[in-house]
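Please look through the sequence and the structure shown here, and keep both in view while reading. The paragraphs after them go from one topic to the next.

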Amino acid sequence: MMRQNWHWGAMILFLVVALLGVAPLTEAQSARSLTGWKAGLARVVITPEGPIWMAGYASRTKPAEGKLQELYAKALALEDERGKRVVLVTSDLLGFPRALSEAIAAQAQKRFRLPRHHLLLTSSHTHTGPVVRQSLVGAYRLNAEHTAAVEAYTAQLQEKIVALIGDALKELAPARLAFGRGRAHFGVNRRELTPNGIRIGVNRDGPVDPDVPVLRIESPLGQLRGIVFSYACHNTTLTGEFYQFSGDYAGYAQAALERAHPGALALFMMGCGADINPYPRSHLELAVRHGETLAEAVERVLASPLPLVRGPLQLAFERVMLPLAAPPTRAEFQARLSDPNIFRQRHAERMLERLERYGRLLAQYPYPIQVLQLGETLTLIALAGEVVVDYVLRLKRELGSDGLWVVGYSNDVFAYIPTARILKEGGYEAVDSMIYYDLPGPFAPAIEEKIIKKVHQLVRRCGRKINRRPYSPRGDSHD
C-alpha cells in the first residue's frame with residue numbers, strides 16, 4: 001500500500017513537469033541525488049499468545065493476564081549508494097540477552113548475508129513485556145511450566161525477528177533521511193541520597209538528559225514513511241502491580257505517532273536512562289500521558305526544517321572486556337544462605353554451585369559497542385546494558401553534541417552499566433541489581449574509562465568530525 005501511494009505521487013509529478021515541458025526525474029533518481037539512501041521498514045507483533053511470566057519486576061507472583069497494547073518488533077533497513085546495508089531493530093522487550101542476540105545475528109548472516117556489525121538490536125525496556133530466555137534469571141520465581149513457556153516464546157521470538165529483518169530488506173526503496181532533536185521533561189533522576197545511603201526515589205537535582213533525537217524517513221516526494229526516536233528514561237511508568245502486556249510510555253508514544261501519520265512506522269530506542277524514572281508514575285493514565293508528551297516532542301521536530309542526512313554509511317562493532325570487582329568470598333556467600341531476602345539467598349546458592357563446579361567466578365564480561373556513522377551528519381552510538389545517564393552527558397562533552405545520538409539497551413542487556421561515580425556511591429544500579437542479573441558482584445570502577453576509550457576509537461574509525469560545544473550536566477544546551 002505504501003509503495004502504491006509513492007507511485008501515485010510520482011505519476012502526479014510526472015504530469016506536472018510534462019505540462020511545464022520539463023523532463024522529470026524518477027523517484028529513484030530524485031532520492032539518490034538528494035541523500036543517496038534506500039530505506040525499508042517492517043514490523044511484526046510479538047505479543048505472547050498464551051500466559052507467560054512478565055519481565056522487569058521481581059515482585060510479581062504470577063504470569064500475565066491479557067494485554068493493554070500489542071507488543072511489536074520493528075525494523076529499519078538502510079542502504080547507502082555504495083550498497084552498504086545496516087538493519088536497526090527496535091522491540092517492546094525488556095532487552096535482548098547476548099545468547100538471543102547472537103543467535104538472531106547468526107541467522108541474519110546466513111539468510112541475508114548481513115554481517116554481525118550490520119545489525120543493531122535494541123529494546124524499549126518495557127517492564128510490561130514477556131520474560132525471554134537467559135534474561136534477569138535471578139529475578140523470577142518460575143516453575144517448570146513457566147520455564148517451558150519462556151523457552152517456547154523465545155524460540156518463536158527469534159524466528160520472528162529474523163524474518164522481520166528480511167522483510168525490512170525486501171522493502172528497501174529510495175528515501176530521504178533528516179535528523180533533529182526535541183525535548184521532554186518527565187524523566188527525573190531516581191538516585192536519592194538518604195542518611196542510610198542511596199535509594200530509588202526522586203532526585204530533582206540529579207543529572208538527566210532531556211534530548212529527544214528524531215530521525216525522519218520519507219519518500220523522495222515527501223511522504224513520511226518512518227520515525228525513529230529515543231528518550232533517556234526508564235520505561236517503568238507501570239509498576240509491578242500491572243499484569244497486562246504493554247509498551248508503557250514508549251508504546252503509547254509510538255501508537256500516538258502512528259495514529260497521527262497513517263502508513264508510517266514509529267520506532268523507539270531507549271536512551272541512557274538507567275537511573276532516570278518517569279515522574280509521576282504507577283498509574284495507567286500516566287503512561288498514556290507520558291507517551292503523548294513524548295509524541296508531541298517528536299511532532300515538533302517533524303514539523304520543523306531539518307537538515308538532510310547524507311551518506312555514506314560507516315559501521316563499527318567491537319567488544320571490550322569489562323572487569324568485575326573482587327567477588328564476595330565463599331564464606332560470605334554461605335552466610336547469605338540465611339539472608340531474609342529470598343533473591344539474595346538464591347543468588348548465593350548459584351554462586352556457590354559455580355565455585356564448586358568451576359573453582360572460580362566470572363571476572364570480566366565481553367561488552368559490545370556499536371557505531372553507525374551516517375555521512376558527516378549523524379553518529380549513532382549503541383551501548384549494551386542498562387546505561388546510566390552520566391555516559392551520554394560525558395560523550396556529548398567529549399565528542400560534541402551536534403549530530404550525536406547515544407542509546408543504551410543495545411545488543412545485550414545483561415547488567416546495569418554504572419560510572420565510577422555511581423560505583424563509589426553504591427545503591428541499586430551499582431551493587432544490588434547484580435543479584436538479579438546473576439553476576440557475582442559489582443563492576444570495577446575501571447569500566448567507565450574502558451567504555452569511553454573504546455567509543456572514542458570507534459567513532460574516529462567511522463570518521464566522525466569532532467565539534468565540541470558546551471554541554472550542561474543537566475542537558476540544558478542542545479543542537
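This is a predicted model: local features need pLDDT of at least 70, side-chain atom pairs count only at pLDDT 80 or more; totals for chains, interfaces and linings use all residues.

The structure holds zero disulfides. A disulfide is a covalent bond that links the sulfur atoms of two cysteines. C233 has a relative accessible area of 0%, so it is buried. C272 is buried too, because its relative accessible area is 1%.

How many residues does the largest nonpolar core have? It has 115 residues. The residues with the most contacts inside this core are L119, I165, F229, L294, Y367 and F443. Helix α4, which covers residues 144–170, gives the largest share of the core, namely nine residues. There is also a second, separate core of 27 residues, and V228, M269, V309 and L378 are included in it.

Leaving aside residues up to four places away in sequence, F229 touches P213, V214, A253, Q254, L257, A266, L267, F268, M269, L294, V298 and W405. One of these, L294, is itself listed with F229 among the residues with the most contacts in the largest core.

Now turn to a sheet. Four strands form an open sheet in the order β12-β13-β14-β16, and their pairing is mixed. Which strands are at the edges? They are β12 (313–323) and β16 (404–407), each of which pairs on one side only. On average, and with direction ignored, neighbouring strands of this sheet are turned by 15° against each other. In general, strands of a sheet pair through backbone hydrogen bonds, and the pairing is either parallel or antiparallel. Strand β13 (residues 364–374) and strand β14 (residues 378–383) are an antiparallel pair, joined over six bridges. Within this pair, Q373 stands opposite T379 in β14.

Two helices pack on the sheet. Helix α9 (residues 389–399) touches β14 and β16, and its direction makes about 155° with that of β16. Helix α13 (residues 447–462) touches β12, β13 and β14, and its direction makes about 160° with that of β12.

The bond from Y279 to P280 is cis, with omega near -5°. P280 is in the loop between β11 (276–278) and α6 (284–302). The bond from G311 to P312 is also cis, and its omega is near 0°. P312 is found in the loop between α6 and β12, and β12 is one of the edge strands described above.

Q134, a residue other than glycine, has a positive phi near 65°. Its place is in the loop between β4 (119–121) and α4. Y409 is not a glycine either, yet it has a positive phi of about 55°. Y409 is in the loop between β16 and β17 (416–417).

Is each of these two residues buried or exposed? Q134 has a relative accessible area of 52%, so it counts as exposed. Y409 counts as buried because its relative accessibility is 0%.

Definitions and conventions:
Residues are numbered from 1 along each chain as its sequence is written. Side-chain values use heavy atoms; hydrogens and water are left out. Two strands pair if DSSP finds at least two bridges between them. Axes are lines fitted to C-alpha atoms, for helices over the stretch in contact, and angles run from 0 to 180 degrees between N-to-C directions. Contact means heavy atoms within 4.5 Å. A nonpolar core is a set of buried Ala, Val, Leu, Ile, Met, Phe, Trp, Tyr and Cys residues joined through side-chain atoms within 4.5 Å. Buried means under 20% relative accessible area, exposed over 50%, partly exposed in between (1.4 Å probe, protein chains only). A disulfide is a pair of cysteine sulfur atoms within 2.5 Å.
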